[in-house]
Amino acid sequence: MKNKDLYNYILGIADNTLILGQRLGELCGHGPSLETDIACTNISLDLLGQTRSYFQYAAKLKGEDATEDTIAFLRTERQYVNVLLVEQPNIDFAHTIGKQFLFDVYHYLLLEKLQHSKDVNLSAIAHKSIKEVSYHQRFSSDWVKRLGDGTDESKTRMQDAINDLWRYTDELFHTTASDEAMIAQGIGVDVKELKTSYYERVSAILDLAKLDIPESKWFQEGGKKGIHTEHMGYILSDMQYMQRTYPNMTW
């Protein structure tokens, strides 16, 4: 492999968009309204499109017979390094939106910095993707405010979702050895530096939504090390079924 650290760094970004896109795609046909259903499906397609760009680059680095499809579909659970947040289930619409919101704020901050990467390929992907993620962040933020400042039931559901998902936010700012190597070369983004801005932006939206900011200081981690929740296996069984049953299929 040409550059293992760069390859691992790309997976660390792309696995998040892959799994979140897969999760969001589950909502297709089940949205609370036709317009919202289509919007969520389009966001899912945006995320999967970004994933393809990352995986195409990763496949070139890996060489041999690697393709975007083999990287996406033929790894085992422990080889995926997405954060735990994105694999959480769509319990209800509030949980779907809450998960999207908490990731979107981080994703936008990441891409802002990644645009300045010394790696021209990553920089180009970030320049293209940030336009989409800007919309994603606006969409999810608006829904958080709408549900939080809506009926008693919508407020309760949105608050419960934020409370449930909050424990997974701190992992967004953890770094691996490969991350640190890329940061040192000016290729990767030091996500630790994004943490303060992230929580400030999230808190500002929650305040507008008249929702309480969770006080819990206990956070769960493991996804970046390949240690996932019980939900991950079910995601992969759905996502990988066609490729494993009918080998060599392409997107």
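Helix α1 gives the most to the lining of the largest pocket, with 7 residues. This is a predicted model, in which local features need pLDDT of at least 70 and side-chain atom pairs count only at pLDDT 80 or more, while totals for chains, interfaces and linings use all residues. Residues are numbered from 1 along each chain as its sequence is written, and side-chain values use heavy atoms, with hydrogens and water left out.

**The pocket**

The volume of the largest pocket is about 500 Å³. Of its 29 lining residues, Tyr-7, Asn-8, Leu-11, Gly-12 and Val-81 are the closest to its centre. Two or more lining residues come from each of α1 (4-25), α3 (68-73), α4 (93-114) and α7 (177-184). By type, the lining divides into 12 nonpolar, 10 polar and 7 charged residues.

Several terms need their cut-offs. Rolling a probe the size of a water molecule over the atoms shows where empty space is left. The search uses a 1 Å grid over the protein atoms alone; a pocket is an open set of points where a 1.4 Å probe fits, with protein on both sides within 12 Å along at least five of seven lines, and lining residues have an atom within 4 Å of a point. Points are joined across faces, edges and corners, and the volume is the space filled by probe spheres set on them. Nonpolar covers Ala, Val, Leu, Ile, Met, Phe, Trp, Tyr, Cys and Pro; charged covers Asp, Glu, Lys and Arg; the others, Gly among them, are polar.

**The whole chain**

The protein chain has 10 helices and 0 strands. Along the sequence the pattern reads α-α-α-α-α-α-α-α-α-α. The radius of gyration is 18 Å, close to the 18 Å that the globule rule gives for 251 residues, so the chain is as compact as a globular protein of that length. That radius is taken over C-alpha atoms, and the rule is 2.2 Å times the number of residues to the power 0.38. Helices (H or I, at least four residues) and strands (E, at least two) are DSSP runs, numbered from the N terminus.

The C-alpha atoms fill a box of roughly 55 × 40 × 30 Å along the principal axes. Buried residues make up 53% of the 251. Here buried means under 20% relative accessible area, exposed over 50%, and partly exposed in between (1.4 Å probe, protein chains only). Among contacts with a separation of 6 or more, 80% join residues 24 or more positions apart. A contact means heavy atoms within 4.5 Å. The accessible surface comes to about 11,900 Å², with 51% belonging to carbon and sulfur atoms. Areas come from the Shrake-Rupley method with a 1.4 Å probe.

**Single residues**

Thr-36 lies in helix α2 (residues 34-62). At 7% relative accessibility, Thr-36 counts as buried. Leaving out residues up to four places away in sequence, Thr-36 touches Phe-93, Phe-139 and Trp-143.

| Residue | Loop | Relative accessible area |
|---|---|---|
| Glu-64 | between α2 and α3 | 78% |
| Lys-210 | between α8 (195-208) and α9 (231-239) | 51% |
| Lys-217 | between α8 and α9 | 73% |

Glu-64 has a phi near 55 degrees, a positive value in a residue other than glycine. Lys-210 is also not glycine, and its phi is positive, near 60 degrees. Lys-217 is 51 residues from Trp-166 in sequence, and the two are 9.4 Å apart in space, C-alpha to C-alpha.
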